[in-house]
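Visitor: I would like a close look at one part of this model, with the cut-offs stated.

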Amino acid sequence: MNIPKLPLGKGVEWLEDWLTTYFGPFFGFIHAVIGGMVSGIDAALTFLPAIVLIVLIAALAYWIGKWRIALFAVIGLLLIDNLGLWDPSMQSLALVLTASILAVLIGVPLGVLCAQSQTFQNIATPFLDFMQTMPAFVYLLPAVSFFSLGVVPGVIASIIFAIPPTIRLTNLGIRQVSPELVEAADAFGSTSGQKLFKLQLPIALPTIMAGINQTIMLSLSMVVISSMIGAQGVGAYVYRAVSQAKTGAGFEAGIAIVIIAILLDRLTQKLFKSKQQV
């Protein structure tokens with residue numbers, strides 16, 4: 001007996017068409033906002049000469065993580081500039097920063113809701129599992145349908161792919177706050193807002209920061225994938241090198257991504273550790 005195939009794919013396509021028809025202006029607004037953010041960050045990163053920005057980043061790295069990270073920043077960023085990949089790298093960094101900022105702004109409140117409502121957590125958990133296990137390439141299809149080609153669908157796909165760690169670890173950090181401390185806050189008449197902002201979030205901050213660090217790394221991992229739908233940056237160099245079998249060019253672009261990834265990872269880790277010590 002042959003069981004008829006469920007029209008799952010057709011249902012998804014119908015939903016996509018319906019959303020595009022009735023929510024087109026809303027998607028246009030999102031496209032304008034995200035596109036403006038990426039362009040603004042990119043303009044800020046490329047406004048100064050490369051050497052000036054390298055010095056500023058090295059100074060920040062020294063202030064946050066001492067001389068080893070500062071030395072790596074100088075050598076790594078000078079290498080990127082020497083390879084002629086400075087502007088593409090800044091374009092990719094703008095995409096990563098935009099996706100990370102939006103993921104944090106959305107993910108932290110959702111994590112707080114998960115921590116405060118078991119029902120909301122039960123509803124959110126299957127969606128988070130789906131978002132983390134679905135191949136990242138699949139996110140490109142609806143993103144392109146709603147936002148056309150370019151950097152904006154790349155940012156949207158990056159947010160969907162990278163936001164779960166922030167939500168999960170925000171939820172975990174708040175739930176790990178000692179019940180005795182929460183009871184003490186209740187005994188002193190603290191409101192829900194006071195408990196959240198003066199007790200739970202400060203104690204949970206190291207765990208939340210670990211989730212933010214993972215979100216940044218996952219956003220960076222989408223750089224090459226986003227280039228498949230027109231997002232410019234160093235990821236596009238990797239994609240072209242793969243499609244044209246140019247090993248040397250691909251290696252150079254890959255090194256640029258590795259340098260940015262290591263630098264972001266070390267800086268955020270050191271920053272979060274300093275916050276924890278404070």
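How many salt bridges does the structure hold, and which side chains meet in a salt bridge at 2.4 Å, N to O?

Guide: This is a predicted model, in which local features need pLDDT of at least 70 and side-chain atom pairs count only at pLDDT 80 or more, while totals for chains, interfaces and linings use all residues. Residues are numbered from 1 along each chain as its sequence is written, and side-chain values use heavy atoms, with hydrogens and water left out.

The structure holds two salt bridges, a salt bridge being a side-chain nitrogen of Lys or Arg within 4 Å of a carboxyl oxygen of Asp or Glu. In one of them, the side chains of R168 and D129 meet at 2.4 Å, N to O. This pair links distant parts of the chain, 39 residues apart: R168 lies in helix α8 (residues 164-175) and D129 in helix α5 (residues 118-133).

As for the setting, the protein chain has 13 helices and zero strands; these are DSSP runs numbered from the N terminus, helices being H or I with at least four residues and strands E with at least two. The C-alpha atoms fill a box of roughly 65 × 65 × 40 Å, taken along the principal axes.

Elsewhere, helix α4 (residues 86-116) packs with helix α12 (residues 234-243) at an angle of about 110°, the axes being 7 Å apart. Axes are lines fitted to C-alpha atoms, for helices over the stretch in contact, and angles run from 0 to 180 degrees between N-to-C directions. α4 and α12 are therefore roughly perpendicular to each other, the class for 65 to 115 degrees. Here P88, S89 and S92 of α4 meet V234, G235 and Y237 of α12, with contact meaning heavy atoms within 4.5 Å.

Definitions and conventions
Angles under 35 degrees count as roughly parallel, over 145 as roughly antiparallel, 65 to 115 as roughly perpendicular and the rest as oblique.
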